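Good morning, and thank you for making time for this presentation.

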4 protein chains.
Amino acid sequence: MGALKALFLNATLKSSEEESNTEALAKKVCQIYDNENVESEVVRLADYAISYGMDPDMGDGDEWPQLFEKVKEADILIIGTPLWLGEKSSIATLAIERLYGSSGETNDEGQAVYYNKVGGVVVTGNEDGAKHAAASILYGLSHIGFVIPPNVDTYWVGEAGPGPSYIAAGQTNDFTKKHVEMLAYNTIHLARMLNEHPIPAQGNLLES
Amino acid sequence: MGALKALFLNATLKSSEEESNTEALAKKVCQIYDNENVESEVVRLADYAISYGMDPDMGDGDEWPQLFEKVKEADILIIGTPLWLGEKSSIATLAIERLYGSSGETNDEGQAVYYNKVGGVVVTGNEDGAKHAAASILYGLSHIGFVIPPNVDTYWVGEAGPGPSYIAAGQTNDFTKKHVEMLAYNTIHLARMLNEHPIPAQGNLLES
Amino acid sequence: MGALKALFLNATLKSSEEESNTEALAKKVCQIYDNENVESEVVRLADYAISYGMDPDMGDGDEWPQLFEKVKEADILIIGTPLWLGEKSSIATLAIERLYGSSGETNDEGQAVYYNKVGGVVVTGNEDGAKHAAASILYGLSHIGFVIPPNVDTYWVGEAGPGPSYIAAGQTNDFTKKHVEMLAYNTIHLARMLNEHPIPAQGNLLES
Amino acid sequence: MGALKALFLNATLKSSEEESNTEALAKKVCQIYDNENVESEVVRLADYAISYGMDPDMGDGDEWPQLFEKVKEADILIIGTPLWLGEKSSIATLAIERLYGSSGETNDEGQAVYYNKVGGVVVTGNEDGAKHAAASILYGLSHIGFVIPPNVDTYWVGEAGPGPSYIAAGQTNDFTKKHVEMLAYNTIHLARMLNEHPIPAQGNLLES
């Protein structure tokens with residue numbers, strides 16, 4: 001078995017030219033992945049032309065298919081999202097839609113292509129909405145085939161109202177640090193387990 | 001027209017023997033109501049024996065009917081809730097269920113009994129979940145007949161993770177103060193408007 | 001006072017070349033608006049190049065500003081959305097983000113520019129998710145300044161699992177018809193009331 | 001290793017004297033558990049005096065502690081809930097609150113007591129709300145230590161509006177049947193895997 005692979009889909013509304021608080025938090029997780037010999041890649045979704053729609057490839061320059069190839073190669077998929085009005089971003093919603101639109105594909109056993117992969121989420125915002133965004137994303141991932149390990153919702157939000165974002169606030173929150181660690185290790189633990197002991201193809205084939 | 005009446009249903013899990021952060025926030029709104037000659041009452045739901053179920057009166061000592069009388073007399077209904085795991089409390093959920101169970105009653109025009117009343121919400125928590133709880137409660141109220149004025153979701157939450165609650169944190173957050181004012185005045189403004197100009201009984205009768 | 005204006009932002013993932021179930025439901029509301037002398041326009045958001053981001057104008061061909069002009073002229077704003085995995089669409093999320101990003105503008109009284117406008121929502125899906133999507137959208141609109149009248153969440157969803165969409169199912173559901181009527185009339189009633197009796201500029205200025 | 005144990009907490013608002021649609025759906029899962037030699041028990045929460053509050057034992061006749069013993073013995077925990085106004089029931093909210101209040105307890109490794117257990121959800125309603133309720137419950141379970149296998153959100157809802165409930169509708173929906181099977185088998189598969197290969201105590205201790 002080679003090294004585990006982790007893919008972060010960062011759904012900030014900003015392209016790579018701008019600093020992303022969500023990416024800063026994702027990088028904390030990557031540091032642990034590095035130490036544990038897990039390969040990781042952070043993809044800034046706003047850099048890609050991702051079409052709206054439910055087909056696996058919407059054509060006309062749709063760049064989702066190349067991202068989907070990365071998803072298929074990953075053992076661990078983490079969605080990163082900022083918060084706006086207490087909700088995950090439009091790009092995070094789009095990512096879930098496209099993952100859903102590609103969920104008809106199967107693995108060699110006939111299970112959904114996302115089986116034996118684990119999912120998680122990192123969220124940042126000035127204030128409020130992290131748990132709601134995490135619940136929505138983790139549910140979406142679970143419903144299409146991912147395993148959700150315990151404590152894989154890592155986030156930072158500030159006190160009610162406008163205020164500094166994660167980076168400006170200093171990245172020092174102990175609760176967030178603790179959950180970075182839990183997310184990193186529990187995704188590794190479960191991904192290893194599922195690599196060694198895949199979910200039996202019984203009662204869970206996509207078509208049966 | 002007499003004075004407007006505002007009713008707070010405080011859905012803290014704690015009975016009146018204990019201090020409630022949500023009540024402390026509700027009291028800020030009451031101060032403005034006092035100044036504006038709006039009568040207000042805060043009811044601690046945990047002090048009452050409120051049965052589970054969808055009948056207007058579940059019998060066997062169910063104390064919802066006496067609370068429902070208060071709701072019917074109110075021009076303004078504010079649900080107050082703490083946050084647990086990012087969600088409104090079980091008692092807040094129960095309050096919405098019982099309001100829903102009583103929603104078959106009509107006013108003299110044949111509209112749902114909650115027509116021409118306005119709704120709002122106050123939320124407190126150590127951290128995260130206020131907007132999600134507010135959305136759920138305001139939607140529930142709107143769906144059964146209440147008018148939702150702008151900016152009637154007043155809340156306080158602290159930074160991510162464990163930490164002081166609203167009272168211990170000093171009740172000094174400017175964003176929260178601003179929203180106390182908006183909630184208080186907009187509920188008053190809309191309640192007055194609806195008292196003087198009730199929603200015409202056209203296209204909105206419960207049975208038609 | 002001239003005729004009221006209603007604007008539908010249809011957040012289907014499909015451009016105008018394709019049939020939209022959500023638009024079919026919106027059109028039912030428009031029929032009542034026509035009868036009641038309310039001007040209405042349905043905009044297919046997927047036809048526009050709407051940028052991601054929180055500035056009122058993101059530049060580089062961003063077409064949100066022209067849509068925002070329509071919003072400002074409208075008395076009634078209805079967001080229409082399909083459901084995917086039980087959630088409002090990515091384009092609906094984008095619309096709320098852009099409305100939020102434009103919410104710093106004020107009217108002549110110094111209130112948020114959305115004051116004295118009313119909001120509503122129409123939702124269609126093969127199955128499940130309408131109330132959750134409606135709660136999210138109505139909350140977002142309420143939080144930035146819209147008034148939410150009673151019963152302005154009109155939807156159709158089928159039984160659990162795959163199945164026909166709204167148009168294919170025949171558009172005959174009595175519950176949906178009833179709620180089309182309630183949405184149409186209650187948005188008209190409240191919009192008229194707010195036109196004649198705007199919300200007093202007390203306690204609700206954006207900067208104070 | 002003995003037989004796996006599955007515990008259903010049925011959060012219907014009705015006590016055992018009344019028929020529960022949610023229980024009818026839970027029983028479908030139990031049939032598969034029986035065939036696969038998994039012991040199962042369905043507990044009707046409305047039969048118990050479960051106090052409000054966040055202490056593991058609220059005293060004064062609180063019957064949560066005896067239910068918590070059952071949770072600790074279970075390998076699989078399924079929350080069953082009806083839908084009211086598109087939300088999980090007040091009793092389901094209460095169950096999550098009490099599980100959360102008991103989440104400070106640890107296993108022999110120092111992980112949260114719910115580690116190496118798997119969670120799932122069954123939902124029934126006349127119409128709409130299943131995915132939202134499932135997302136909320138599965139998130140809550142995941143956040144306190146449960147593993148969420150793929151496709152463990154089994155539900156039935158009817159078409160928009162009032163209509164027959166799950167039992168009256170005939171219990172014949174193919175989508176629901178398929179998801180009964182996926183829930184049953186995937187909870188078994190993951191529970192077995194975690195029994196044989198517990199999550200390593202690295203990076204996930206409750207106090208560290």
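**The pairing of chains D and A**

About 3,200 Å² is buried between chain D and chain A, and carbon and sulfur atoms contribute 58% of that area. Buried area here is the accessible area, with a 1.4 Å probe, that two parts lose on being put together, summed over both. On the side of chain D, the residues that lose the most area to chain A are D:Tyr139, D:His143 and D:Met193, together 19% of what that side buries.

Before going further, some conventions: this is a predicted model, in which local features need pLDDT of at least 70 and side-chain atom pairs count only at pLDDT 80 or more, while totals for chains, interfaces and linings use all residues. Residues are numbered from 1 along each chain as its sequence is written, chains are lettered from A and ligands numbered from 1 in the order in which they are written, and side-chain values use heavy atoms, with hydrogens and water left out.

How many residues of chain D are in contact with chain A? There are 37 residues of chain D in contact with 37 residues of chain A, where contact means heavy atoms within 4.5 Å. Of the interface residues of chain D, 100% are also interface residues in chain A, so the copies meet through the same surface.

Between chain D and chain A there are 22 residue pairs in polar contact, both residues being at pLDDT 80 or more. A polar contact is a pair of N or O atoms within 3.5 Å; within protein, one must be able to donate a hydrogen and the other to accept it, and residues adjacent in sequence count only if both atoms are side-chain atoms. The side of chain D that touches chain A draws at least two residues from each of helix H4 (130-144) and helix H5 (174-196) of chain D. H5(D) gives the most to that side, with 10 residues. Helices (H or I, at least four residues) and strands (E, at least two) are DSSP runs, numbered from the N terminus. The count of salt bridges between chain D and chain A is 0; a salt bridge is a side-chain nitrogen of Lys or Arg within 4 Å of a carboxyl oxygen of Asp or Glu.

Now the symmetry. A rotation of 180 degrees with 0.0 Å of shift along its axis superposes chain D on chain A, with an RMSD of 0.0 Å. The two copies are thus related as by a two-fold rotation axis. The superposition is by least squares on the C-alpha atoms of residues with pLDDT of at least 70 in both copies. Among the residues of chain D, D:Ile148 comes closest to the rotation axis, at 2.5 Å for its C-alpha.

**A buried aspartate in chain C**

C:Asp153 belongs to strand E6 (residues 153-158) of chain C. C:Asp153 is buried, with a relative accessible area of 1%; buried means under 20%, exposed over 50%, and partly exposed in between, with a 1.4 Å probe and protein chains only. Which side chains of chain B make polar contacts with the side chain of C:Asp153? One is B:Tyr139, at 2.6 Å, and another is B:His143, also at 2.6 Å.

**Salt bridges**

Over all chains, the whole structure has 28 salt bridges. In one of them, the side chains of A:Asp62 and A:Arg98 meet at 2.7 Å, N to O. That pair links distant parts of the chain, 36 residues apart, with A:Arg98 in helix H3 (residues 90-101) of chain A. Both A:Asp62 and A:Arg98 are buried.

Another salt bridge, at 2.3 Å N to O, is formed by the side chains of C:Glu127 and D:Lys131. C:Glu127 lies in strand E5 (residues 118-127) of chain C and D:Lys131 in helix H4 of chain D, so this pair joins two chains. C:Glu127 and D:Lys131 are buried as well.

**Backbone geometry**

Most residues other than glycine have a negative phi. B:Asp60, however, has a positive phi of about 55 degrees, and is exposed, with a relative accessible area of 86%. C:Asn151 likewise has a positive phi, near 55 degrees, but C:Asn151 is buried, with a relative accessible area of 5%.
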